[in-house]
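Here is a short briefing on how a chain is held together by its side chains. Look at the structure first, then read on.

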Amino acid sequence: EVEKVIKLDNEIFEIHTKLDIYKAKFNNSLEFSIPIEISKTDYILTSVLQEIIDNIFKHNVIDAENIMKVDISINDDFLVITNSKVLKNKIDSTKMGLNNISKRYELLTNQKLIINDSDIAFEVQIPILKYED
């Protein structure tokens, strides 16, 4: 199977829609910011951003006491996704999903995801791939 890349601006549009739906579902216990200015030559691997966003909702408690803050930004040549962290007790994370994404990125692009995990926040930096139209 050939792994595809997707235009970052298209992917950000999809994620914005998804986060709007989550925001409605969680009664505004979700706050997010997303970059507006994205170069037309910026790409990432397909489904990577969606998987990372899905993981945020899978692994964290989100309610009136625990507002989820998701910040998506661009820093140098990385798409940076940072979220507040209040882990659900019952989920025993194997980190398999993230490891698989990491390996896929490395195999296909020779670049690594950067992961910063602290007590209060989780951050994933995805290398942005540049392709001229």
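Buried means under 20% relative accessible area, and exposed means over 50%, with partly exposed in between. Phe57 has a relative accessible area of 7%, so Phe57 is buried. Keep in mind that this is a predicted model.

**Nonpolar core**

- The largest nonpolar core holds 33 residues.
- Which residues have the most contacts inside this core? They are Leu49, Ile53, Phe57, Ile72, Leu79, Ile81 and Ile126.
- Two or more residues come from each of these elements: α1 (8-25), β3, α2, β4 (68-75), β5, α3 and β7 (121-127).
- Helix α2 gives the largest share of the core, six residues.
- Ile81 shows how such a residue is surrounded. Leaving aside neighbours within four places in sequence, Ile81 is in contact with residues including Leu49, Ile52, Ile53 and Ile56. Val70, Asp71 and Ile72 are also among the contacts of Ile81.

**Aromatic pairs**

- A pair of aromatic rings is described by the distance of the centres and the angle of the planes.
- How many aromatic pairs are there? The count comes to four.
- Phe26 and Phe57 have ring centres 5.7 Å apart and planes at 15°, so this pair is stacked.
- Phe26 sits in the loop between α1 and β2 (30-33), while Phe57 sits in helix α2. The two are 31 residues apart, and the pair links distant parts of the chain.
- Phe26 is buried at a relative accessible area of 19%. The cut-off for buried is under 20%.
- Tyr22, Phe26 and Phe57 form one aromatic cluster.
- Tyr43 and Tyr131 have ring centres 5.2 Å apart and planes at 85°, so this pair is edge-to-face.
- Tyr43 lies in strand β3 and Tyr131 in the segment after β8, so the pair ties together parts that are 88 residues apart in sequence.
- Tyr43 is buried, with a relative accessible area of 13%. Tyr131 is partly exposed, at 39% relative accessibility.

**Salt bridges**

- The count comes to seven salt bridges. Three of them are described here, starting with Lys130 and Asp42.
- The side chains of Lys130 and Asp42 meet at 2.5 Å, N to O.
- Lys130 lies in strand β8 (residues 129-130) and Asp42 in strand β3 (residues 42-45), so this bridge ties together parts 88 residues apart in sequence.
- Is Asp42 buried or exposed? Asp42 is buried, with a relative accessible area of 4%.
- Arg104 and Glu51 form another salt bridge, with the closest N and O atoms 3.4 Å apart.
- Arg104 is in helix α3 (residues 96-109) and Glu51 is in helix α2 (residues 48-59). They are 53 residues apart, and the pair links distant parts of the chain.
- Glu51 is partly exposed, with a relative accessible area of 28%.
- Asp117 forms a salt bridge with Lys85, and the closest N and O atoms are 2.5 Å apart.
- Asp117 belongs to strand β6 (residues 114-117), whereas Lys85 is in the loop between β5 (78-84) and α3. This pair links distant parts of the chain, 32 residues apart.
- Lys85 is buried, with a relative accessible area of 17%. Asp117 is partly exposed, at 42%.

Key:
Residues are numbered from 1 along each chain as its sequence is written. This is a predicted model: local features need pLDDT of at least 70, side-chain atom pairs count only at pLDDT 80 or more; totals for chains, interfaces and linings use all residues. Side-chain values use heavy atoms; hydrogens and water are left out. A salt bridge is a side-chain nitrogen of Lys or Arg within 4 Å of a carboxyl oxygen of Asp or Glu. Helices (H or I, at least four residues) and strands (E, at least two) are DSSP runs, numbered from the N terminus. Buried means under 20% relative accessible area, exposed over 50%, partly exposed in between (1.4 Å probe, protein chains only). A nonpolar core is a set of buried Ala, Val, Leu, Ile, Met, Phe, Trp, Tyr and Cys residues joined through side-chain atoms within 4.5 Å. Contact means heavy atoms within 4.5 Å. Rings of Phe, Tyr and Trp (its six-membered ring) pair if their centres lie within 6.5 Å; planes under 30 degrees apart count as stacked, over 60 as edge-to-face and the rest as tilted.
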